[in-house]
Amino acid sequence: MQVQGKNYRTIWLDENNENVYIIDQRFLPHRFVIEEISTVDQMVVAIKDMHLRGAGLLGAAAGYGIFLAAKEAAPTGDFENVLNISAKRICEARPTAVNPEWAVKRQMQAISQANSIEEKIKTSFKTAELIADEDAECCRMIGRNGFSLLKQIAETKKGKTLNILTHCNAGWLAFVDYGSATAPIYEAFSEGIDLHVWVDETRPRNQGASLTAWELLNQQIPHTIITDNAGGYLMQQGMVDLVITGADRVTRQGDAANKIGTYLKALAAKDNNVPFYVALPSSTFDWNMRDGVKEIPIEQRDPAEIKFVSGLNDGEIKEVLITPADSAAANYGFDITPSRLINGLITERGICKANENDILNLFPEKMQPA
Ligand code: MRU
């Protein structure tokens, strides 16, 4: 996607294919900072401390992390063991999104097929590149498939603006390119559909307000930032035609984990007959889980994210305390939207209903859990 007229992906290698580069998202929307990552330690910190984030990008970062891990393991004389320790650290850095686990498994499987250490490093490089390229391609297809849905709903508006609400950032910053929830929006906008986006997730991390708004602004897409609590009211007033969110993990039966607050949006959408869609690449399905509420691990993050807000003040990014210093705070990062509240899943293979049968019709090779 474009940043000030220049094309970027969210993760890439230098021209010698040695170091990994990312956009350090902690500084957006105020500063555009690129970070170089050349060790597994640095990659684990970047994942844990959210220099990069979002399901698809976490998967791609895990893929590149294993490439770095293979290079680090090579001179140790204990390749398998050192690689396994790094793989575990990368997987455990963020527990809710399934993509890192998926990418690491794919890497380990590919590496195990190669014979020499040199070949294993080459394989890990190729697999990392493949994972990143496929993520971008899946999102491009989600854009195409979601576009048909947006077009249909836009036609019912009879010339009035199509209003879409999205929660958090499932944009290109959360993937390698295009985004999941935003891909259909980008596609529809470029096809000339008159649309406007309500953007939220203003707490706990401001990812709608900081990241999605920044993305949409760069693409010149009309949008308005709202507080997390405003969505229900807007739906009651007929000001939302469709909700599209991303997902960090979706079970076989279609329950979706996404940024905290998504469930409440889905409840409000149901109550107001507003269609609620979840967009995801197939790497975000967890084929081994059914009941999302019972099974998906929910990450709790540092309470400081609730107690402090950060922003631009006098040209500097500063943090301020907004709660009593001694009050306890609990920072649940995600919630689960049960499949009954989801009208459909937008994937790279098409749109399906959020139930096991319909999901498996699109992905018949997953009939048996992995
Ligand atoms: O990695 P995070 O905590 O930023 O993930 C949360 C999200 O960005 C959202 O839940 C998003 O909608 C799903 S990631 C495509």
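## Strand pairing and helix packing

In this predicted model, Asp-314 adopts a positive phi near 55° in the hairpin formed by β15 and β16, where 2 residues lie between the strands. Strand β15 (residues 308-313) and strand β16 (residues 316-321) run antiparallel and are joined by 6 bridges. Within this pairing, Gly-311 has Lys-318 of β16 as its bridge partner.

A further arrangement is an open sheet of 3 strands, ordered β3-β4-β5 and paired in the antiparallel sense. Because β3 (11-13) and β5 (34-37) stand at the edges with a single partner strand each, one side of each has no neighbour in the sheet. From one strand to the next, the twist averages 25°.

Strand β3 is paired with β4 (residues 20-23) through 3 bridges, in the antiparallel sense. Trp-12 is located opposite Tyr-21 of β4. Strands of a sheet pair through backbone hydrogen bonds, in either a parallel or an antiparallel manner.

| Strand pair | Sense | Bridges |
|---|---|---|
| β3 and β4 | antiparallel | 3 bridges |
| β15 and β16 | antiparallel | 6 bridges |

Helix α2 (residues 55-73) lies across β3, β4 and β5, and α2 runs at about 25° to β3.

Definitions and conventions:
Residues are numbered from 1 along each chain as its sequence is written. This is a predicted model: local features need pLDDT of at least 70, side-chain atom pairs count only at pLDDT 80 or more; totals for chains, interfaces and linings use all residues. Side-chain values use heavy atoms; hydrogens and water are left out. Two strands pair if DSSP finds at least two bridges between them. Helices (H or I, at least four residues) and strands (E, at least two) are DSSP runs, numbered from the N terminus. Axes are lines fitted to C-alpha atoms, for helices over the stretch in contact, and angles run from 0 to 180 degrees between N-to-C directions. Contact means heavy atoms within 4.5 Å.
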